[in-house]
Amino acid sequence: AESWGPFPVKVQREGVETASEFQPLESATQPWKICVLVPHVKDSYWLAADYGLIEEARRLGIDLTLYEAGGYGNLPRQVNQFDNCLSSKVDAILVAPISEAGLSGSFEKARAAGIPTIAFINPVSEAPVAGKVFTRMRTKGVEAGNFLVEVAAANGSEYKVVGFPGAQGSGWAEAAVEGFQEGIQGSNITLLDVKFGDTGVAEQLSLVEDALQTYPEMNLIWGTAPTIEAAIGVVDEIGRDDVSIMAEYGTREMLRLLQQEQIMGLVSDYTVVQARMAVDLAVMAIEGNMPAANAFDVEPALITDPDVSTDDILLHFAPANWRPVFSSK
Amino acid sequence: MTFAPNSAPVLRLRDRLFAFNERVGLALPLSVLIVTGMLLAEPRFVAKMNMFNVLRDFSVITLAALGQMLVLVTGRFDLSVGAIVALASVTTASVSNQLMLVFPDMIGFVAVLGVLAGLSVGAIAGVGNGWLISTLKLDAFIATIATSSIILGAVFVWTYGVPVYGVPKVLTQWVGRGQIFGLPGLLYLTLVAVFIVWFVLERTAYGRHILAVGSNEAAAEIAGISPKAIICGVFAASGFFAALVGVYFTARMGSGQSALGANTAMQAITAAVIGGVSLRGGSGNPIKVMFGGLFLAVVGNALNLARVDSKFQVLVFGVVLLAAAFLDRATDRAARQEGQR
Amino acid sequence: MNDKQQMQAALGTQDEHVLQMSDISKTYGVNRALDEVSFDLRPGEVHVLFGENGAGKSTLIKVLTGNVRPDAGTLTINGQSCGFLTLRGAKAAGISAVFQEFQLAPSLSVVDNLFLGREKTRRGILARAEMQDQARQVLAELGFAIDLEATVGTLTRAQRQMVEICKALLLHASILILDEPTASLNDHEADALLDVVRKLRHRGVGIIYVSHRMREIHEIADRVTVLRSGRYIGTLPRAGLQEAKLVEMMTGRPIAALYPEIRQDPRAMRIRISNLSTVNGAVKDASLTLRAGEIVGIAGLMGSGKSEIGQALFGLLPIRSGQIEMDGTLIKPRNPSAMLARHLCYFPPDRNVGGLAVSRPVLENGSMTGLSLNMFSRFGFLRRRNERSEVMKAMKAVRLRPLDLTLPVGSLSGGNMQKVLLARGLVRNTEVFVFDEPTVGIDVGAKAEIYDLLKSLVEKGAAVLMISSDLQEVLRLSNRVYVVTEGRTVAELCGDQKTEDNVLKGFFGHAPKIRKEGVA
Amino acid sequence: MTTMQMTRSFFLNSAVVGLVMIALLLAGFSAASPQMLTKGNIYNILVQSSYLMIFASAQSMVLLTRGYDLSLGNTVSLVSVITAMVLVSPWGQAAGAPILLAALCGLGAAVLIGGLNGTLVAATGLNPFIVTLGTMYIVQALGSTVSGGFPVSGVPAQFMALSRLDVLGVPVQIWTLGLATLALHMLLKWSVYGRSLYLVGANPTAATTAGVKTRMVTAMAYVCCSAFAGLGAILLTARTGSGEPTLGANLTLEAIAAAVVGGISTQGGRGGAVAPLIGAVLITLLSNGMDLVQIDGYVQQICLGMIILIALTLDRFRR
Ligand SMILES: Nc1ncnc2c1ncn2[C@@H]1O[C@H](COP(=O)(O)OP(=O)(O)OP(=O)(O)O)[C@@H](O)[C@H]1O
Ligand SMILES: Nc1ncnc2c1ncn2[C@@H]1O[C@H](COP(=O)(O)OP(=O)(O)OP(=O)(O)O)[C@@H](O)[C@H]1O
Ligand SMILES: [Mg+2]
Ligand SMILES: [Mg+2]
């Protein structure tokens, strides 16, 4: 899985989006020191990111250190870690911000210090970064929506959906909903309701139970990974085999469920690739050969076929036995 | 609260209200009120499946609250129950998962062992808490925050936050989705647990000793009761009940989840306080706590069905909690004045 | 050993001692509570422990029940010697006790408390009926009327006392210890208890009895052992019991010497309380007057509500009805700080619970009442130099030992803690002093010093209200004495009327008529 | 006092214990990572501690009266959101001194919450745990409603500059650290109020009997706690540059932990102004050092729990 490129991306240039390809670096000219900040590594989504970061750093032969803030409630901690990175004289900082607004001070500081910053996975819009790579959550919503429209057209079913996109205020949950709405526009798919809520399994469990109650006509669940963990059991239990399930994003668990044909599909954002690209971008920024168009948009992949090849899997998810590693050395 | 001073009928009404709260608690009638209201306003509320949901929520809250109540009765807190829920969940899943590889033909046996393993780690963690609090005499509030951090850390070191799959189907079938006479199996378990706790507190010497330690620890010690044994016991019970919740979620979801239990401690304390448990220790009634759990479950469900924003739901809980505590305080004061007359 | 065997063992050793304690010592910090005390007990006798407050009686008892571990000494119980007892060991040896401080769980019912720690069970289930029967039997024997299902927290002090007594009797012990069991009982109830004690004595139980009441000692004592300042003074047989002798042994000097001659010179009326009653019902109808230059005593049994009069006057308890006049104008004591501003200070009885912040240093405790004065603070900030010098002055005046303002009060001896408490009145210009049990639990030396302090205060023109359970103290020091029973001032005694007899009559409801205040 | 007693009390002294622990951690971490003792890193630790220290000081005021403030974290979030919203509102921009105005609005909200907590605890005698748990829920609801759950971005650069201010070459946070400790020290040791706080914490009955207005003192402790928290929230908002509805999510317990680790007794009435300082530095150092030597976040969590237990046990021996 060492060769992952060239990888198709979209780049932004003066507000216009164009299709392009991302060409991975062969190696770094020096063992650069880079620092990565992620919200946490407490689930398999961020494990995939960890995998991509570490593997890519090892491939390029650079010295990468990962800091996790311990959860989305720990913004002050991420701000601290950003400062620590700045003062430990790293060559670049990679960050998946807990909140873009919350790190705006930090971004400014990095710019003032002349240290290139790359944002990845969690989108930023205004921040003065040297480069950024992410998938639009909105596009993931669109993909899921389009897919459902197709399926519905193919087998003539009429989907009544309740969405469980995640916590309100996270930004990405709202964006995904917007995209989903766009994706299903004009079709006979109805979005009955959207239930925002904390992405704990127990919380999602009661949301799903209550929604099945509130909307007896609902026959499709679209939501976060914990939602789906919870929903599988509930749907099975009440014997509603007419209820289909669609994952909002991809994790190793979702893939497993797909392979067991428990869910219709998932929309993966190439988490591993994004992480790898971010590392490459950092090296490019350090070495001064950052492409002029520095904002990369990875098109999400809709995975609906249970027989995904192993090579392909490693573009999305960490290997099953991957354990979090915090340093590439 | 404002009452017309010295106007007899009002006072009598107040006294009667207090007396009622003392005996039964207000959670039950309030729950009934909400249920009735919902029946009229929202026919889906009575749908069989919704009742199922309410009863299951009720069971989970009540189980956790029962353990918490025992700890509160001794005048202490247990904030580590959330961590224990996660620990028990992951343990049950891992143990049964591993054992299945060894004994592929004895699924029932494996499932039982898995459940036992989950429940035991819960109880053991509880005993650990109890030891810190009774022997080292640490402040329970902060000590359980610390152990909670340790337990959760350990759970993540173990699982990296990845769900543990491979829970035996029997567990999902029987524990997670089991039904008896058309009602969730967990409900019966909860009712039995309420009965057992009630029985222990009201009908056994050990229960008396728990109440005595909460009421006057020094006097209990002089009476030959070992506060250490009692405190370790109640924390073990609290850990055990939390583990029950964890095992149940595991069975229901078919996987061990380290992200469970974030709200369990606060929910349990809230239910206990609504159920009239005094934080000063020395008294607690599992039946009332059960009604407290029912109240929380009903309110939560009603708010969801009524599509109230989850942000406002939090507000409702805060207000309800304060009101319950107030009422209890007033009742208590009334009781004390009665004693002096 | 079951109860019966225990009893027989006790009876079988009629001529031996069931209990022998020799050279028991116990030190609390710098306070020597017991100093090589020896004590013995035979089966079937009532052995009275006698001594003033703080003599070490309760401590000796606690050694016996396993609550206190002695520093030195040996114990022999039923012929078996042991170094010291644990709580469990004491119980196993058949020792049961009624403590001076109640050991009850307030949120449990009376039955629950009676059987706490030794509940009767059948197959693990509480045998409530059985327990109730037994409890009822004991209550009947004692002639006490208490609702068995009542929550102890709602009982009066006297009722709690009864519960404690029943609790001890239910054990069928071979050694029964009663530490001031009648302190809050009325005559009738006390007599019933004495009957029970006689009965038990007859059955061969060895009884240790602590009481300050001469009448009881005369009625039931077989022997009396006197302690003073933690030391064994002597043991008198029943035949040699003389009150004067006992008192002299107790105080270590002819009584007059302990109590200074105070020149009482009643002048302007400072306080007049008329028909006071408190919201909590502890004070029902109290009237009294207090003049500058005199000490007025208030005597009453435990739980009579005498403390509450002082507390109401200081704004600590809400008042239901009645009037309080200070210097001729009506006042409403709202809170302590308002009363302090009127130069009135109340000194609470319980040094640990209500009086001192024991973990804080002497300095802070000493200046507690004066923080808002200009002397101690300006613009909300402390004037630490002034504070130190003023508190030092006050501590010197009360002869605090050691005179170190940085020590936590908890590390001082009882007497010195009391002095710190009293010194708070001296750091501000206090004119009316309300002392509640000013000498409780302190040694004779300290007592004398505190009396001297009272003397100097009064002779300088202060008005002193002294609420005390120590009858001698009240009678000897006061110009006038009010007797309080059940929240009412039932008698005012002055001059020759100030006798123990009159006070006791007052306690039990046949008091001389209240006189109109009119002593010039 | 004997020499042994003195030695004992010296080593049980919370400041000494804290400093020894800090020294040990510094030694350990610097052996493992050359980065540890660099000027930049030490500076970072101090700057980062200053925020936690303010919250720990806030919590200390309440802990001294044997209470807790569970609503502190949500108060921080609410204040952050309110301050930022005033700053970005046209009204805030238009007013002459928008920063001051915004800060005042934020502080005002904090004081109101503190007043509510204080009144409920002091006047009704309800358990502080329940009261602040109730207000915690309420404040959380307010915060997420006011902000709609979204961060409030776009605060003016002058406001953000507050957190990068240097006075006499020393960063504003270090000043805060010093001034806040000094102010707290003056309050606790030199003012009548501080003295009353200790007395109330050590023995409320005794304090009442001695004429201390116990209820007022207790209520004010909650107000001070919230006000302190509000101040910290404003500084933190300047640092992050946005109003964050989840800014304080984990600060409540962290602040209590820092106060306790520094030596504020949970039994009330003991511990001084230096305690939150030491506790905050210790905890920040712990997480900074473990980050440097690349110890998992999970293990860090375990270590933090252990440190709290050790601190509690030491406090127990001090009693
Ligand atoms: N727990 C304790 N800590 C410190 N000193 C104590 C303690 N208990 C008792 N003392 C001291 O020991 C001495 C003896 O007290 P003790 O209670 O035995 O007296 P007593 O004879 O029972 O007096 P009373 O008649 O008041 O009950 C007193 O000076 C008392 O202050
Ligand atoms: N611990 C208590 N709990 C409830 N009520 C009490 C308690 N102690 C006393 N009382 C009640 O308060 C009233 C007065 O009691 P208190 O003991 O303060 O009076 P006192 O005359 O000062 O006696 P003491 O000799 O103990 O100082 C009585 O009605 C008593 O029953
Ligand atoms: Mg005594
Ligand atoms: Mg009294």
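Across which strands of chain C does helix α11 lie? I put this question to a model that is predicted.

**Entry 1: helix α11 of chain C.** I found that α11, residues 306-313, lies across β15 (295-300), β18, β21, β22 (463-468) and β23 (480-485) of chain C. I noted its direction as about 145° to β22(C).

**Entry 2: the sheet.** I then looked up the sheet in chain C. Six strands form an open sheet with mixed pairing, in the order β18-β21-β22-β15-β23-β24. I recorded β18 (344-347) and β24 (488-494) of chain C as the edge strands, each pairing on one side only. On average, neighbouring strands of this sheet are turned by 15° against each other, direction ignored.

Entry 3: I followed β18(C) to β21(C), residues 432-436, and found that the two pair in the parallel sense over four bridges. Cys345(C) stands opposite Phe433(C) in β21(C). Helix α16 (414-426) of chain C lies across β18 and β21, and runs at about 175° to β18(C).

**Entry 4: chains D and A.** I turned to the interface of chain D and chain A. Here 31 residues of chain D are in contact with 34 residues of chain A. The two chains bury about 2,500 Å² between them, with 48% of it on carbon and sulfur atoms.

**Entry 5: polar links.** I noted 20 residue pairs in polar contact across this interface, both residues at pLDDT 80 or more.

How values were computed: Residues are numbered from 1 along each chain as its sequence is written. Chains are lettered from A and ligands numbered from 1 in the order in which they are written. This is a predicted model: local features need pLDDT of at least 70, side-chain atom pairs count only at pLDDT 80 or more; totals for chains, interfaces and linings use all residues. Side-chain values use heavy atoms; hydrogens and water are left out. Two strands pair if DSSP finds at least two bridges between them. Axes are lines fitted to C-alpha atoms, for helices over the stretch in contact, and angles run from 0 to 180 degrees between N-to-C directions. Contact means heavy atoms within 4.5 Å. Buried area is the accessible area (1.4 Å probe) that two parts lose on being put together, summed over both. A polar contact is a pair of N or O atoms within 3.5 Å; within protein, one must be able to donate a hydrogen and the other to accept it, and residues adjacent in sequence count only if both atoms are side-chain atoms.
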